[in-house]
Structure formats: C-alpha cells, structure tokens
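User: I have a model open here and would like to go through how its parts pack. Can you walk me through it?

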Amino acid sequence: MNIHEGAPALSVAGLRKTYGETRAVDGIDLVVARGEVVALLGSNGAGKSTTIDMVVGLARPDAGEIAVFGASAHEAVRRGMVGVMPQEGALLDDVTVRETVALIASLHRTPLPVEEVLSRAGVADLADRRAALLSGGQKQRVRFAMALVSGPDLLVLDEPTAAMDVAARREFWQSMHAFAETGRTVLFSTHYLEEAEAYADRVVLMHAGRVVADGPVSAVMAEVGALGLEDAFLRLTGASEAV
Ligand SMILES: Nc1ncnc2c1ncn2[C@@H]1O[C@H](COP(=O)(O)OP(=O)(O)OP(=O)(O)O)[C@@H](O)[C@H]1O
C-alpha cells in the first residue's frame, strides 16, 4: 500500500492554475494525513474542482508541487491507490452498471470483487441496468463504485452528492463513512456546510482560489466572520436539505 512510508496521503505546496485572466487556484498549501476525512468547502467558482483535478492528475498545475503518498499523482493513480469520483461523464449509455464496474476492475492489478463494490456503493439492485436508464443520483453512485473498485487508499470525490435527493445522499454518506472507517483517506468537495460538518474531520474553506480557513468545522465557522466572508458563508448554508 505505501509508496513512501510515512508520507502523508496528500501534500500540496504553492499550487496555482490560471485560465486566461481567472486565477482558479491561487497558491494553495495543504497536507492531508492518512486516515483523515477532509472537506473542501466553497461556493461556485472557489477553485475546488480545479484543485481536485490537479491532485488526481487530470489538470496540469501552472506552479506548485503535489505528492500523493509521497509520489506523483500519476504514479499513485496508476498503482490504484487513488479512487476518483468525477462530477459528471465517465459512463457509457449502452453499458450496464455491472459491466461498467467490471471494465474498471479489469484495468487494475488487484481490484476488489465486482459484486462487493456494487453492494458497497449501493448499486447492486441496479447492476443489470444500462447507464442511459439511470437517474442523475444513481449515476453518481455508479461513479462512486468506479472510484472504489481499485480498493484505493485515498478517495477523491468532487461534489459527490450534487445530483442526489435526500435519501440517496444519506445512503451515499453511509457508504463513504464505512469506507473511511477502514482507515482510508477521503477528500471531498462540497457547497454545503452541513455535509462538511456531518461527514468531515476537518474543513478546508476555499474562496477565490485560496484556502481561507482550515481546521475543525467549528473553528472554520468562527473564522468566517473574522475574514468577512459572511456572503460566501450564507450561500454555502443556503441548502438546508443537504443532509
Ligand atoms: N476549463 C476552464 N476554463 C476556463 N475557466 C475555468 C475552467 N475551469 C474552471 N474555470 C474557472 O476557474 C474558477 C474556479 O472554478 P472551479 O470549477 O475550480 O470552482 P469550484 O469551486 O469547483 O466551483 P463549482 O462549485 O461551481 O464546481 C472559476 O472562475 C471557473 O469559471
């Protein structure tokens, strides 16, 4: 499991990414210890997805260093140590849920059993359904299964519950919690303070491409006022149906 014994699950230093005039990520430093569940909290455009894309090797930083278990993001992904759940895409309309998960399993050297993954992600009852016939929330759960199949040590989830209703959210977080209980590391992004509070050990609050607060959720909430971010904070808490 370990690439470099003792290295944190994730270490990011001086990370930057600019799109034209937009500083999507404007100098982020972040260390996530093994076994932590960390929420990347921020309103639209805060830079969460751009950060996550760079962490999992899907986007190239303009500047900065990223180490995943002490190795490059690509190396960690190649070894099946990182499970990635994207916000959208990744599914083929005519392929069933079981076939989709089996396909991803076939890409890994030591995948988890497909049936176990289907059950852990709460999609066993949808196994024979083609992706085209799934709801948005069901598709998200299949993407979760795809992220789990390598038995990753670090799970990275970009707004995992975006398309889910309340019941699906609850079920999803139970699955995520069961995964985290095995001592794995989870980094997830969310708009919802409630999700961060309920499911993360630690909250990293992003605003305009920067980390503006980092710590237990109570400490982060206290800092929001001091930082004059009440407006962003109100938007974050606007979704009371989140959990
Ligand atoms: N491919 C791209 N081309 C141009 N601008 C981009 C691109 N990706 C992101 N941006 C811009 O970078 C900024 C950060 O976007 P990002 O998607 O990382 O934020 P986010 O916190 O994930 O937001 P959301 O919660 O809406 O997904 C935004 O201003 C966005 O418009």
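User: Fine. What should I know before we start?

Analyst: This is a predicted model, in which local features need pLDDT of at least 70 and side-chain atom pairs count only at pLDDT 80 or more, while totals for chains, interfaces and linings use all residues. Residues are numbered from 1 along each chain as its sequence is written. Helices (H or I, at least four residues) and strands (E, at least two) are DSSP runs, numbered from the N terminus.

User: Which strands form the open sheet, and in what order?

Analyst: The order is E2-E1-E4, 3 strands with antiparallel pairing. Two strands pair if DSSP finds at least two bridges between them. Strand E2 (22-32) and strand E4 (63-68) are at the edges with a single partner strand each, so one side of each has no neighbour in the sheet. From one strand to the next the twist averages 20°.

User: How many bridges join E1 to E2?

Analyst: There are 8 bridges between strand E1 (residues 10-19) and E2, and the two run antiparallel. Val 12, for one, has Leu 30 in E2 as its bridge partner.

User: Which helix packs on that sheet?

Analyst: Helix H1 (residues 48-55) does, touching E1, E2 and E4, and its direction makes about 120° with that of E1. Axes are lines fitted to C-alpha atoms, for helices over the stretch in contact, and angles run from 0 to 180 degrees between N-to-C directions.

User: Switching to H3. Which of its residues are buried?

Analyst: In helix H3 (residues 97-106) they are Val 97, Arg 98, Thr 100, Val 101 and Ile 104. Buried means 20 or more other C-beta atoms within 10 Å of the residue's own, exposed means 12 or fewer, and partly exposed is in between, with C-beta atoms placed from the backbone.

User: Why do they line one face of the helix?

Analyst: Looking down the axis of H3, the buried residues fall within an arc of 165°, so they line one face. The arc is that of the directions from the helix axis to the C-beta atoms. An α-helix has 3.6 residues a turn, so residues three or four places apart point the same way.

User: And what covers them?

Analyst: The cover includes helix H4 (114-120) and helix H5 (136-148).

User: How do H3 and H5 cross?

Analyst: Their axes come within 9 Å and cross at roughly 25°. Val 97, Thr 100, Val 101 and Ile 104 of H3 make the contact with Val 142, Ala 145 and Met 146 of H5. Contact here means C-beta atoms, placed from the backbone, within 7 Å.

User: What about H5 and H6?

Analyst: H5 packs with helix H6 (residues 166-181) at an angle of about 10°, the axes being 11 Å apart. That makes H5 roughly parallel to H6. From H5, Gly 137, Arg 141, Phe 144 and Leu 148 meet Ala 168, Phe 172, Ser 175 and Phe 179 of H6.

User: Where is Glu 159, and is it buried or exposed?

Analyst: Glu 159 is in the loop between strand E6 (154-158) and H6. Glu 159 is buried, with 21 other C-beta atoms within 10 Å. Its phi is near 45°, a positive value in a residue other than glycine.

User: And Ala 208?

Analyst: Ala 208 lies in the loop between strand E8 (202-207) and strand E9 (210-215), and is partly exposed, with 17 other C-beta atoms within 10 Å. The hairpin of E8 and E9 has 2 residues between the strands, and Ala 208 takes a positive phi near 50° there. E8 and E9 run antiparallel, joined by 5 bridges, and Leu 205 stands opposite Ala 213 in E9.

Note on methods:
Two residues are in contact if their C-beta atoms, placed from the backbone, lie within 7 Å. Angles under 35 degrees count as roughly parallel, over 145 as roughly antiparallel, 65 to 115 as roughly perpendicular and the rest as oblique.
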